[in-house]
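Please read this briefing alongside the sequence and the coordinates. It takes the sheet, the cores, the aromatic contacts and a few single residues in turn.

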Amino acid sequence: MKEALVLQTDFGLNDGAVSTMYGVARQVDPEVTVADLTHGITPFNIFEGSFRLSQTVKYWPAGTVFVSVVDPGVGSKRLSLVAKLKTGHYVVTPDNGTLTHLDKLYGIEAVRVIDESIDRLPGSEKSATFHGRDIYVYNGARLAGGEVTFDQIGEELPVKDIVRLPLNPARVEGNKILGNVDITDVNFGSLWTNIDEDLWEDFGARYGDAFNVSVFYEGKRVYQAKLPYYKTFADVKNGETLIYVNSVYTVGIAIRLGSMATENHLSAGQHWTIEIEKEN
């Protein structure tokens, strides 16, 4: 059976790069279904690419092959990998930290290294800057179409040896819950944290409660406000800010019919942290 091939890049859609990857996949196997996760990852933002994979993977059937190309080190000595998750999904990607969130949430069963000198699009041997086309989608399509199996791809790499990005695990300290702002909800500007719903409930949060919220960039406080916790945006007036649990079941901060990120000059990633404090 042919598996789906799902693509994620930071290429955007303003040139032919993504269409070229589609073309390569069809050349390898025209029966493989190709879909997009996103091509709007912030350029070079590996952390963001890592998060978006973890947001999406579980909604696709086991066996689906994901190709993620956020690759500021293209052409360098960084490795090209195929990872098999414990969920049965596969990810073809550079070894640069892209697998970090997937490893934390779902676990990685095994990893194999693609031999870039031989396992590449025929005729691309002199190309060094478009591995999304020449290495990743080419091998992803071969795997999705059944031309090769996971065990036939290169040498095995111990899972412990893959590159991982540092994470800031959410935790409770006294009357405060501390976490990371992992991502923004791109179109609407909400801040999505890594404080999961279970930890939030254990913290004792109840609808209607108010909390003191601070956001920090590299340890410096850049936002502070007293905010209510509600189930959904309709529970507050237009333009008001609330705490809520988002679609990936973590704590978010949003402005109804506004952008929390844009209006407060906030962003997300490894350097953005959050502190939520109960009122005494």
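A charge is said to sit over a ring if NZ of Lys or CZ of Arg is within 6 Å of the ring centre and within 35 degrees of the ring normal. The model is a predicted one, in which local features need pLDDT of at least 70 and side-chain atom pairs count only at pLDDT 80 or more, while totals for chains, interfaces and linings use all residues. Residues are numbered from 1 along each chain as its sequence is written, and side-chain values use heavy atoms, with hydrogens and water left out.

**Charges over rings**
- The charged end of Arg112 sits over the ring of Phe150, at 5.9 Å from the ring centre.
- Lys278 lies over the face of Phe203, 4.6 Å from the centre of that ring.

- Seven strands form an open sheet in the order 2-1-3-5-4-6-7 with mixed pairing, where strands are DSSP runs of E with at least two residues, helices are runs of H or I with at least four, and both are numbered from the N terminus.
- The edges are strand 2 (34–38) and strand 7 (155–157), each of which pairs on one side only; two strands pair if DSSP finds at least two bridges between them.
- Neighbouring strands are turned against each other by 25° on average, direction ignored, the axes being lines fitted to C-alpha atoms, for helices over the stretch in contact, with angles from 0 to 180 degrees between N-to-C directions.
- Strand 1 and strand 2 pair in the parallel sense over four bridges, and Leu5 stands opposite Val34 in strand 2.

**Nonpolar cores**
- A nonpolar core is a set of buried Ala, Val, Leu, Ile, Met, Phe, Trp, Tyr and Cys residues joined through side-chain atoms within 4.5 Å, and buried means under 20% relative accessible area, exposed over 50% and partly exposed in between (1.4 Å probe, protein chains only).
- The largest core has 28 residues, of which Leu5 and Val67 touch the most other members.
- Two or more residues each come from strand 1 (5–9), helix 1 (17–28), strand 3 (65–69), strand 5 (90–94) and helix 4 (131–145), and helix 4 gives the most, with seven.
- A second, separate core of 25 residues includes Val181, Ala205, Val213 and Ile243.

**Aromatic pairs**
- Nine aromatic pairs are found in the whole structure; rings of Phe, Tyr and Trp (its six-membered ring) pair if their centres lie within 6.5 Å, and planes under 30 degrees apart count as stacked, over 60 as edge-to-face and the rest as tilted.
- Trp200 and Phe211 form a tilted pair, 5.1 Å centre to centre with 45° between the planes, which links helix 5 (residues 197–202) to strand 11 (residues 210–217).
- Trp200 is buried at a relative accessible area of 0%, and Phe211 is buried at 2%.
- Ring pairs join Trp200, Phe203, Tyr207, Phe211 and Tyr229 into a cluster.

**Single residues and helix 2**
- Ile177, in strand 9 (residues 176–185), counts as buried at 0% relative accessibility, and its C-alpha atom is separated by 8.3 Å from that of Ile274, 97 residues apart along the chain.
- Beyond four places in sequence, the residues that Ile177 touches include Trp200, Phe203 and Ile274.
- Arg142, found in helix 4, is buried at a relative accessible area of 12%, and its contacts beyond four places in sequence are Val28, Asp119, Glu147 and Val148.
- Helix 2 (residues 46–56) is mostly covered, with ten of its eleven residues buried, among them Glu48 and Arg52.

Methods: Contact means heavy atoms within 4.5 Å.
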